[in-house]
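Notebook open, model loaded. I want to go through the sheets, then the helix packing, then the cores.

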Amino acid sequence: MPELPEVEVVKRSLENKVRNLIIKTIKIKDSNLRYKINKKKLIKLYGLKFKKIQRKSKFLLFFFDRPLVMLVHLGMTGKFFFENKRKKYKTSFYYNLSKKKNNVHDRVVFLLEGKKKLIYNDVRKFGFIKLIGLNYNENVHLAKLGPEPLSKFYNLNYFKKKIIKRVCSVKSLMMDQKFVSGLGNIYVNEILFLSGVRPTRKVSTLKDKEIKKITKFTKKIINDAINAGGSTIKNFSIDDGKKGVYQQKFKVYGREGERCSNTDCSKSIIRVIIANRSTFYCPKCQK
DNA sequence: CCGTTAACCTGAGAGC
DNA sequence: TGCTCTCAGGTTAACG
């Protein structure tokens, strides 16, 4: 589901709600996420108090008043609900479950003090929750991540250095979390459109000027998307006022057959498959 | 090491 | 109404 901007919005939305709350009990309603939840490990969180939440690329790290870290990846459809007596808050990107009870995909429920709840809900179960130590940078999921798109290390020189030995398409490269961490299918499509670069281009053929555009528009789009509250797809209802609206700005993603948004272009957006993912571009504006 | 493909899981929406 | 098919914001094991 979520790429860097959405995970960042979840982090910001959740942090103030759970900070300093103590976990009373954890109910595992379905342990079969991407990795089976180790219940014996997870109950180490009983009695611990939530402190800060950190985001690393598409991962969330929950810190406590003990040296333990809860590592969460939302996969495609993972989301959090926060509930208090009066209200149920959803983090953005609510998958449409309008015809069914919306709690059938609750997987893990953290019962907090004051009858508050933090609920992890995940339709497709591609997300995961793991308990790790403070040396989280050595964790297998985090150790090999490339720089974040907003980092100063993601620039022309880095890009050129990394593509020397590679023969893949620019789309595949940017989806590779070891190259740059946090981008996904939507934002890579959008970045390449604004950069005027066709997703199928082999990285060896990229000109400096094009790489500069790609890094520049990466930062712009990711910043804009965070400021827009991320993108909300298949949304049914968001009741905490934090619904993401960046999807209104999509120029190519999901727009197969529609006219290119550039005013001087009359071509239609086409869709191809790259690395098993839908890829959208304008055949005229993207060279 | 690199690139590609399939697999993991569940539901929505289109077409018939 | 119901069946079948394709698609979905991600990651990674297995293979050449």
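Ground rule for strands: I count two as paired if DSSP finds at least two bridges between them. Helices (H or I, at least four residues) and strands (E, at least two) are DSSP runs, numbered from the N terminus. This is a predicted model, so I note that local features need pLDDT of at least 70 and side-chain atom pairs count only at pLDDT 80 or more, while totals for chains, interfaces and linings use all residues. Residues are numbered from 1 along each chain as its sequence is written, chains are lettered from A and ligands numbered from 1 in the order in which they are written, and side-chain values use heavy atoms, with hydrogens and water left out.

**Entry 1**

I started with S7 (residues 106-112) and S8 (residues 117-122), which run antiparallel and are joined by five bridges. Which residue in S8 is the bridge partner of valine 108? I found tyrosine 120 there. These strands belong to an open sheet of five, ordered S1-S7-S8-S5-S6 with antiparallel pairing. S1 (23-28) and S6 (88-90) are the edge strands, each pairing on one side only. From one strand to the next I get an average twist of 20°; for angles, axes are lines fitted to C-alpha atoms (for helices over the stretch in contact), and values run from 0 to 180 degrees between N-to-C directions.

I also checked asparagine 84, which sits in the loop between S5 and S6. Buried or exposed? Asparagine 84 is buried, because its relative accessible area is 16%; the scale is buried under 20%, exposed over 50%, partly exposed in between (1.4 Å probe, protein chains only). Leaving aside neighbours within four places in sequence, asparagine 84 is in contact with Tyr89 and Lys116, contact being heavy atoms within 4.5 Å.

**Entry 2: four-stranded sheet**

Another open sheet has four strands in the order S2-S3-S4-S9, again with antiparallel pairing. S2 (50-56) and S9 (128-132) each have a single partner strand, so one side of each is left without a neighbour in the sheet. I traced S2 against S3 (residues 59-64) and found antiparallel pairing over five bridges. Arginine 55 stands opposite leucine 60 in S3. H1 packs on this sheet, touching S2 and S3, with its direction at about 175° to that of S2.

**Entry 3: where H1 goes**

H1 (residues 4-18) also lies across S5 (78-83), S6 and S8, at about 30° to S5. H1 packs against H6 too, at an angle of about 35° with the axes 9 Å apart. On the H1 side I listed Leu4, Pro5, Glu8, Val9 and Arg12, which meet Ile222, Ala225 and Ile226 in H6.

**Entry 4: cores**

For cores I join buried Ala, Val, Leu, Ile, Met, Phe, Trp, Tyr and Cys residues through side-chain atoms within 4.5 Å. The largest nonpolar core has 32 residues, and those with the most contacts inside it include Tyr154, Phe159, Tyr187 and Ile214. H3 (156-163), H4 (170-175), H5 (185-195) and H6 (208-227) are the elements that give two or more residues to this core. H6 gives the most, with seven residues.

What does tyrosine 187 touch, not counting residues up to four places away in sequence? Its list has Glu3, Pro5, Glu6, Ile221, Ile222, Ala225, Gly230, Ser231 and Tyr246.
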